[in-house]
Amino acid sequence: MNLINITSVTKIYHTPTKEIKALNNISLDIEDNKIMSIIGPSGCGKSTLLNLITASEKPSTGFIRNNQPIMIGYMMQSDALLPWKTVYENAILGLRLQKKVTNDNINYVNDLLKKYELYEFKDEYPSNLSGGMRQRLSLIRTLAIKPNILLLDEPFSKLDLETRKNISDDVYKIIKDLHISAILITHDIEEAISLSDEIVLLSKRPGTIKSIYKLNFTEKEIPSIRRKDEIFNRLYDEIWRNFDHV
Ligand code: ADP
Ligand code: MG
C-alpha cells in the first residue's frame, strides 16, 4: 500500500529579487515498508522535496496526499545531539518535546538503547561517543516517537567512509526490523544502492524525475553484502552515467 502520493508537484520559491523553480512536475508514490533514496546533484531540490513531504513547505502546484496517518521521524545532516545532556536525556528529547514521556515510551527507548548497544553509555555525554555511536543515538531519538516514516537528509555525509559503511548496516537493519518506510536523501550513489529498495534520480534544478530504479536485493542482503554483489557495480555505472554531473 502507498503511504504517500505525490502528484504533479512543482515548487517555486519567491525571493524579493527572483523566482527559483526548485522542482518541476514530480509524481511519486511512497510505499509502505520500503526504503526510497532520492539522489541528484546539489541544489536540485532534494531537501525541498522532503520539506514538502513534512508539509513545512507547500507545493506551488500539484498535491501531496497521505493515505494513512503518518508520524514522521526526521533525521538531519548533523546529529544535533545536545552536548550538555546525557545519552539518555538526548534519547528522550523528542518525547519530551512532544510531551510523550510515558512509562511505556521510556521502556521502549531503553530497549532501543540496549538493542543498539548504547545502554551502558546511558549516563555518558555525547562527546564520549564515537561518530557511529552518535549517529545511532540520533536515530534512536528519532525512533523514540515511533514514526511510521523516517526521513533522512544526508545523515551520514559528515562521517568518514568506514563509519558510514558500518552505520549503513545498522540503519538498514533498524528500519527493516521496525517495518517502517524511509526516504533517504543522498548525493552518494553507492550509499543509495546499498540501502534502498528504490532509487529516484532527479535531474539538475529544477529537479525532475530522470529515472526510477527498483532494486531486487533480498532483505538479508544488508548494505555491506550488497557492496560485494556484481549487480552493485553495474547499477553504479548505469546511475552514474545518467546522473547530471554539474
Ligand atoms: P538540494 O537539497 O538538492 O541540494 P534544495 O532543495 O536545498 O536542494 O534547494 C533547491 C533550490 O532551491 C536551490 O537553488 C536553493 O537555493 C533553492 N532554495 C531552497 N530553499 C529555499 C528557500 N527557502 N528560499 C529560496 N530558495 C530556496
Ligand atoms: Mg539538501
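Lys115 and Asp177 join their side chains in a salt bridge, 3.0 Å from N to O (a side-chain nitrogen of Lys or Arg within 4 Å of a carboxyl oxygen of Asp or Glu). This is a predicted model, in which local features need pLDDT of at least 70, side-chain atom pairs count only at pLDDT 80 or more, and totals for chains, interfaces and linings use all residues. Residues are numbered from 1 along each chain as its sequence is written, and side-chain values use heavy atoms, with hydrogens and water left out.

An automatic or database assignment divides the protein chain into domain 1 (1–70 + 150–160 + 177–246) and domain 2 (71–147). Domain 1 gives 19 residues to the contact and domain 2 gives 17 residues (heavy atoms within 4.5 Å). About 1400 Å² is buried between these domains, 61% of it from carbon and sulfur atoms; this is the accessible area (1.4 Å probe) that the two parts lose on being put together, summed over both.

## A covered strand

Let's turn to strand E3. Residues 35–39 form E3, and five of its five residues are buried (under 20% relative accessible area, 1.4 Å probe, protein chains only). Ile35, Ser37 and Ile39 point one way, while Met36 and Ile38 point the other way.

E3 runs parallel to strand E7 (residues 181–185), with four bridges, and Ile38 sits opposite Ile185. Four bridges also link E3 in parallel to strand E8 (residues 198–202), where Met36 has Glu198 as its bridge partner.

## A buried glutamate

Glu154 lies in the loop between strand E6 (149–153) and helix H6 (161–178). Glu154 is buried without a salt bridge, and Lys46, the nearest side chain of opposite charge, is 4.4 Å away.

Terms used:
Chains lettered and ligands numbered in written order. Helix = DSSP H or I, 4+ residues; strand = E, 2+ residues; numbered from the N terminus. Buried < 20%, exposed > 50% of the residue type's maximum accessible area, 1.4 Å probe, protein only. Lys, Arg positive; Asp, Glu negative; His and termini not counted. Pairing = 2+ DSSP bridges.
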